[in-house]
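Please walk me through this protein model, from its strands to its core and its aromatic rings, and explain the terms along the way.

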Amino acid sequence: MASNVNPTVRRRRLGQELRKLRELKGMTAEEVADRLLVSQSKISRLENGRRSISQRDVRDLCGVYEVEDQKMVDSLMEMARDSRQQGWWHTFGDIPYSVYIGLEAAAQSLRVYEPQLVTGLLQTPAYAEALVRGALPETSTAEIEKRVKVRMRRQERVTDESNPLRLWVVLDEAALHRVVGSKLIMREQLEHLIELSHLPHVTVQVLPFEVGAHPGLNGQYAILEFADAADSSVVYLEGVTSDLYLEKAPDVQKYAVMYEHLRAQALPVEQSQQFIQDAAKRFAQ
């Protein structure tokens with residue numbers, strides 16, 4: 001495995017290999033859990049990459065699956081060791097959405113639909129702070145500051161000239177009208193959004209109210225895609241207390257088709273930039 005692959009992706013790849021071994025053995029996750037005297041949820045979390053996996057876990061699973069190829073066992077053990085390394089986000093302590101950050105950091109492209117606000121990778125510090133403060137009113141100042149710092153650190157993928165994230169954002173018109181923080185903050189945010197939309201690897205489209213009903217009415221979602229074919233695409237759905245990651249091909253395909261409809265219904269890029277510019281001018285009055 002390449003040395004620059006982050007631990008989140010390492011866990012996903014290792015989990016996929018372990019799932020293949022289980023399926024080749026013709027065993028269910030429940031049967032494996034019974035053999036190892038652990039919960040079925042642990043086996044599922046190991047296979048989907050949501051849980052850190054130890055070399056002992058790999059050794060035990062290879063024993064259950066009767067893997068005789070020692071080179072394969074050694075390779076899986078090495079993957080387990082590498083998967084326990086820490087990404088840059090771990091320096092910030094406990095972050096509820098650390099799995100997503102790991103996937104985002106490794107993604108080659110990201111398609112986002114945002115119905116209510118400017119997406120995190122395109123936010124200004126002032127907008128991000130006002131947003132977190134308003135969305136999480138009981139959060140401490142220290143925690144708000146940490147979340148803003150993490151968000152700004154994530155944005156380095158957007159401005160990284162050597163390995164930029166291919167970002168496509170469909171933004172509902174509502175995000176341009178909702179006053180987050182103040183009118184000044186909104187004007188600066190929208191001007192920042194226009195500036196970033198001119199980057200060659202960033203595309204921003206506005207979905208105007210006049211479109212009416214559309215495939216994104218169920219809420220925000222993101223589709224992450226990776227350069228390595230071994231890493232399947234992921235649909236990310238953000239929740240209040242927990243997040244949902246969809247990796248099965250039919251699920252990803254359904255959201256991808258929905259996104260194509262959203263892009264087709266949204267304003268073209270240049271019209272979207274003018275639309276955002278007009279919105280910014282209203283906040284200057």
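Helices (H or I, at least four residues) and strands (E, at least two) are DSSP runs, numbered from the N terminus. The model is a predicted one, in which local features need pLDDT of at least 70 and side-chain atom pairs count only at pLDDT 80 or more, while totals for chains, interfaces and linings use all residues. Residues are numbered from 1 along each chain as its sequence is written, and side-chain values use heavy atoms, with hydrogens and water left out.

Most residues other than glycine have a negative phi. Leu37, in the loop between α2 (29-36) and α3 (40-48), is not a glycine and yet has a positive phi of about 60°. Leu37 is also exposed, at a relative accessible area of 77%, where exposed means over 50%, buried under 20% and partly exposed in between (1.4 Å probe, protein chains only). Glu66, in the loop between α4 (55-64) and α5 (70-83), likewise has a positive phi, of about 55°, and is exposed with a relative accessible area of 53%.

Turning to the strands, β2 (residues 166-172) has 5 of its 7 residues buried. Strands count as paired if DSSP finds at least two bridges between them. Strand β2 pairs in the parallel sense with β1 (residues 109-114) over 6 bridges, Arg166 being the bridge partner of Ser109, and pairs in the parallel sense with β3 (residues 202-207) over 6 bridges, where Gln205 is the bridge partner of Val170.

A nonpolar core is a set of buried Ala, Val, Leu, Ile, Met, Phe, Trp, Tyr and Cys residues joined through side-chain atoms within 4.5 Å. The largest one has 44 residues, of which Leu110, Leu167, Leu193 and Leu224 touch the most other members. Helix α11 (residues 183-197) supplies the largest share of this core, 6 residues. Apart from it lies another core of 20 residues, among them Leu14, Leu18, Val32 and Tyr65.

The whole structure holds 4 aromatic pairs, defined for rings of Phe, Tyr and Trp (its six-membered ring) whose centres lie within 6.5 Å, with planes under 30 degrees apart counted as stacked, over 60 as edge-to-face and the rest as tilted. The rings of Tyr221 and Tyr255 have their centres 4.8 Å apart and their planes at 70°, so this pair is edge-to-face. Tyr221 lies in strand β4 (residues 221-225) and Tyr255 in helix α12 (residues 249-265), 34 residues apart, and both tyrosines are buried. Tyr236 and Tyr245 form a tilted pair, 5.3 Å centre to centre with 45° between the planes.
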